[in-house]
Amino acid sequence: MSQVRVLVGTRKGAFILTADGTRDQWTVNGPHFAGWEIYHVKGSPADPARLYASQSTSWFGQVVQRSDDGGRTWQPVGNTFTYDGVPGTHQWYDGTPHPWEFARVWHLEPSLTDPDTVYAGVEDAGLFRSTDGGREWRELSGLRRHDSGSSWQPGAGGMCLHTILLDPTDPARIFIAISAAGVFRSEDAGTTWQPVNRGLRSEGIPDPNAGVGHCVHRIAMHPSRPDVLFMQKHWDVMRSDDRGDSWHEVSGNLPTDFGFPIDVHAHEPETVYVVPITSDSEHFPPDGRLRVYRSRTGGNEWEGLTAGLPQKDCYVNVLRDAMAVDSLDSCGVYFGTTGGQVYASADAGDSWSPIVRDLPAVLSVEVQTLP
Amino acid sequence: MIRVVLPAHLRTLAQVSGEVQVQLQGPVTQREVLDALEARYPMLRGTIRDQVTYRRRPFVRFFACEQDLSHEGPDAPLPDAVASGAQPLLVVGAMAGG
C-alpha cells in the first residue's frame with residue numbers, strides 16, 4: 001500500500017509525519033535538529049530517500065542537512081553560500097543601498113531527475129545550485145546580476161528567494177520568486193533571467209505596474225501544464241497562461257485576496273487552493289475562521305472549505321511554504337499553521353483533521369507519496 | 001592540548017559530548033584554536049565565525065578564565081591557562097531571545 005511522508009519545518013526543529021495511503025493513522029517523528037529553525041525540508045523526486053533540510057539559527061548561522069534514508073539519519077553537508085564576485089548592493093527598507101549579505105536558506109528544490117542536484121533559494125535573494133548532494137554550492141549569479149538587482153527591496157520577512165519551480169517538460173526552464181522583487185524566468189538552466197511580472201499591480205510601490213518590485217508570496221504550477229502558473233501575491237491571486245509573460249487577477253469571490261501559500265491539486269490542473277488571510281497588518285484568518293478556499297475553475301470562483309477546521313477564535317497564519325499536496329488517487333492536501341497545527345485532508349479539501357496540534361510554529365510543509 | 005567547551009547546539013551538530021580538545025603546534029590564539037577546531041569538526045565551519053570574513057558571529061562569545069575575550073583580536077594570545085590546558089576556552093551562545 002502507498003505511504004505518505006509529510007516533512008514539516010518549524011521554528012524549533014523538523015518533524016516527519018507518516019501514514020499509509022488511508023491517511024487515517026499518523027506517526028510523528030521528531031524533533032530533528034531540536035531548537036533550530038528549519039525553514040524547509042524537501043525530498044528528491046528522483047530518489048525519495050534523499051532529503052535535504054535547511055537548518056539555521058541567529059546564533060550559529062546556516063547548516064544544510066542531508067538524509068539518504070528518508071529522514072532516519074542525517075549528515076551536515078556544505079553550508080558555504082558565497083555570492084559570486086563582488087555582490088554589490090540592493091535597496092534597504094528605507095531606500096538606501098545595502099550590501100548583499102547571506103542570511104539563510106529559505107527553500108531547497110531538488111532536481112526532478114538527479115538526487116545530487118539541488119537548488120537553494122536564499123536571503124539576501126540569490127539562487128545557488130549544488131551538483132554533489134549539497135557539499136558544494138555555486139551561485140547562479142545571472143539572477144542577482146540582473147539589471148534590476150540593485151533596485152530590489154526586502155519584504156517584511158527579509159529579501160528572500162522563496163520559490164523555485166522546475167519545468168518538468170524543459171530542464172532549462174526555471175521560475176523563481178523573490179519578496180519583494182517578483183517572478184523571474186530562466187530559459188537556459190539559470191544562466192540568464194528575465195522578470196515576468198507584466199499584469200501585476202501593487203499599490204504599495206511607486207509605480208504600481210512596475211516590471212520589478214512586486215511582493216510575490218508564492219507561485220505554483222501543475223506538472224502536466226507548466227505554461228500555467230498561479231500566484232498568491234501580497235494582495236491578489238493571479239494567473240498566467242503563458243509562462244509568466246502576462247498575468248491576470250483571479251481573486252474573484254475570495255473574502256480577502258491577501259495570503260501566503262497557493263497550491264494545485266495533483267490530478268486536476270484547474271483546481272487551486274489558497275488560505276485567505278485578513279491583511280498585511282492582521283496576519284490571521286478573517287473573522288477568526290480558518291478556511292481553505294478551493295477553485296475548481298482555475299480561479300475567480302472559490303468555495304470555502306471549513307469541515308474540520310476551527311471556525312471561531314482562530315488567529316493563526318499559514319506561511320508561504322506551508323502547504324503541499326500528495327499524489328494519491330484522492331488527492332491529499334496538507335498545511336501547517338503558526339499555531340503548530342498540521343491539518344490534512346484526504347479528500348481534496350472537502351474535510352480536514354489535524355495530524356498534530358501542538359508543534360512549534362510551522363514554517364514549511366512538503367509531502368512525499370511513496371510506493 | 002587546548003580544551004574547548006562548545007554550546008549544546010554545536011555539540012549536537014559535531015556529535016560530541018563534553019569538552020573537545022585540539023592540538024596546536026604554534027601560538028595559541030582564537031584564530032589558531034578555531035582553525036584547528038574546524039579542521040577536526042568541519043560541520044562547525046560557519047557556525048562560530050563567518051566563513052568568508054572570519055568575523056565572530058554576533059551572538060557567539062568567547063570566555064576563559066572568567067574573562068570575556070570576545071573582543072580580543074583573533075591573533076591575540078589566549079591566556080596562559082588556556083594555552084596550558086588548565087582552563088578551557090568557552091564558546092558561548094549569547095543569552096538572547098526567549
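What radius of gyration would a compact globule of 98 residues have, and what does chain B have? In this predicted model, local features need pLDDT of at least 70, side-chain atom pairs count only at pLDDT 80 or more, and totals for chains, interfaces and linings use all residues. Residues are numbered from 1 along each chain as its sequence is written, and chains are lettered from A and ligands numbered from 1 in the order in which they are written.

For a compact globule of 98 residues the radius would be near 13 Å, and the 12 Å of chain B agrees with this. The radius of gyration is taken over C-alpha atoms, and the globule rule is 2.2 Å times the number of residues to the power 0.38. The C-alpha trace of chain B spans about 35 × 25 × 25 Å along its principal axes. Buried residues (20 or more other C-beta atoms within 10 Å of the residue's own, C-beta atoms being placed from the backbone) make up 26% of the 98 in chain B. Of the contacts in chain B (C-beta atoms, placed from the backbone, within 7 Å) between residues at least 6 apart in sequence, 55% join residues at least 24 apart.

Chain B contains three helices and five strands, arranged along the sequence as β-α-β-α-β-β-α-β. Helices (H or I, at least four residues) and strands (E, at least two) are DSSP runs, numbered from the N terminus. The five strands of an open sheet in chain B have the order S2-S1-S5-S3-S4, with mixed pairing; two strands pair if DSSP finds at least two bridges between them. Strand S2 (20-22) and strand S4 (67-68) of chain B are at the edges with a single partner strand each, so one side of each has no neighbour in the sheet. Strands S3 (residues 60-64) and S5 (residues 89-93) of chain B run antiparallel and are joined by four bridges; Arg61(B) stands opposite Val92(B) in S5(B). Helix H2 (residues 30-40) of chain B lies across S1 (2-5), S2, S3 and S5 of chain B, at about 110° to S2(B). Axes are lines fitted to C-alpha atoms, for helices over the stretch in contact, and angles run from 0 to 180 degrees between N-to-C directions.

In chain A, four strands form an open antiparallel sheet in the order S26-S27-S28-S29. Its edge strands are S26 (323-325) and S29 (353-356) of chain A, each pairing on one side only. The twist averages 25° from one strand to the next.

The contact takes 13 residues from chain B and twelve residues from chain A. Helix H1 (residues 8-14) of chain B supplies the largest share of the side of chain B that touches chain A, three residues.

Notes
Two residues are in contact if their C-beta atoms, placed from the backbone, lie within 7 Å. A residue is buried if 20 or more other C-beta atoms lie within 10 Å of its own, exposed if 12 or fewer, and partly exposed in between; C-beta atoms are placed from the backbone.
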